[in-house]
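Work through the following exercises with the sequence and the model open side by side. Each task is followed by a solution that goes step by step.

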Amino acid sequence: MLKRYLLAPGPTPVPSQVLLSMARPIIHHRSEDFFPVLDSAKKGLQWLYQTKNDVLILCSTGTGGMVGAVNNFFNKGDRVVVINGGKFGERWTEICQAYGLKVKEITVEWGYTVAPEVVAKVLKKTGGIKGVFVQASETSTGVYHDIKALAALVREYDDTLFVVDAISALVAHDLKTDKWGIDIMVGGSQKGVMMPPGLAFVSVSGKAWVRARSSRLPKFYFNFIKERENLSKNQTNFTSPVTLIIGLNESLNMLRAEGLQNVFKRHKRLAHATRKAIQSLGLDLYAKESPSNAVTAILSPPGIDGQIIYKNLRQKYGITAAGGQGKARGIIFRIAHLGYSDRFDVITAIAGVEMVLKEMGYPIRLGTGVAVAEELLLG
Ligand SMILES: Cc1ncc(COP(=O)(O)O)c(C=O)c1O
């Protein structure tokens, strides 16, 4: 028997109470059976997002939310800034370009975070920028960008929207949507909110809703003005993914019971213990600064292919972590500590890494990283 452990940065494990809640019979989405369910999910997401703004719930993966964040607020030819420090930064550029926006990329070396001063300079120099796009946690590199600082500088421009992909950061990082002034923030169900894939969430500020009125880009499935109208009646534009929204309520209830600040503290602690344990093995983190609390990206030792580490963890020990993406493929492997994750997930991951590396000939004393993680996760 090979017991499976899901320690990837999405999809992440789903608690059994959430899975069981989704085993209920299907209810009709335009009925009194469903309205309170959507109402509760809507309020739960506002709590999680720390916002009084609408948080739309879309039946799609996170990328659908990213597409909607572009085609509902911009026009062909609009000049926008994309902060591109990894695979998902690249995706913002691709989506913006698909809709004919003119992208000015601020490229950030993979493994590094963007310097807010650089963004400030570009905004000042270029002028007329309609939006700034960034990832909160760049899952491909394990780096967190300083959303608070970036929001503060974009806020100085009345005609610029600040658009954040928080698909892997939501739940793992304390993102204060209203307080910091984030205009549009995208989340996804299969990450921190401990749900299966299939839902995207998008918060929209008052400033962004004003902009939405003048957006002429083609839209049909992702039509946010229509979604907003429906949401006010506890409905969605098309058939609601009722089962997923029932599960979402259950997972939001679990997070609420833990308390928002405790949720963030847990992620911070698990991420810290993972990093220290990994470093105690003589391995280096891929994130050279500002590491994410959602996922730790680790440089594989010289001569050892990161994809093989990933493969051995999975095939020999049942641990599904992640390899590298794009140009980091083969160079790194990644361990998530996101969502339904606790100290024994970290200890399992570190133990697995030690065993795999030892078998691959990397000099290691078994238990070194596990001991470090245990020390840090006592009590
Ligand atoms: C930061 C980030 N953005 C976007 C995505 C894409 O989300 P999805 O695969 O749900 O479309 C992911 C998923 O891994 C992600 O981590």
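For sorting residues by class, Ala, Val, Leu, Ile, Met, Phe, Trp, Tyr, Cys and Pro count as nonpolar, Asp, Glu, Lys and Arg as charged, and the others, Gly among them, as polar. The model is a predicted one, in which local features need pLDDT of at least 70 and side-chain atom pairs count only at pLDDT 80 or more, while totals for chains, interfaces and linings use all residues. Residues are numbered from 1 along each chain as its sequence is written, and side-chain values use heavy atoms, with hydrogens and water left out.

**Exercise 1.** Describe the shell around the ligand by class and by the helices that supply it.

Step one: the ligand is surrounded by 13 residues, a residue being near if one of its heavy atoms lies within 4 Å. Thr-61, Thr-63, Thr-139, Asp-165 and Lys-191 are the closest. Step two: sorted by class, the shell holds seven polar, three nonpolar and three charged residues. Step three: α3 (62-71) and α4 (87-98) each supply at least two shell residues, and α3 gives the largest share, three residues; helices here are DSSP runs (H or I, at least four residues) and strands likewise (E, at least two), numbered from the N terminus.

**Exercise 2.** Find the distances from polar side-chain atoms of Thr-61, Thr-63 and Thr-139 to ligand oxygen atoms.

For Thr-61, the distance to an oxygen atom of the ligand is 2.7 Å. For Thr-63 it is 2.5 Å, and for Thr-139 it is 2.5 Å. Taken alone, the ligand exposes 390 Å², of which the protein buries 88%, with areas from the Shrake-Rupley method and a 1.4 Å probe.

**Exercise 3.** Locate Pro-11 and Gln-50, and state what marks the backbone at each.

Start with Pro-11, which is found in the loop between β1 (5-6) and α1 (16-21); the peptide bond from Gly-10 to Pro-11 is cis, with omega near -5°. As background, most residues other than glycine have a negative phi, and most peptide bonds are trans.

Terms used. A polar contact is a pair of N or O atoms within 3.5 Å; within protein, one must be able to donate a hydrogen and the other to accept it, and residues adjacent in sequence count only if both atoms are side-chain atoms.
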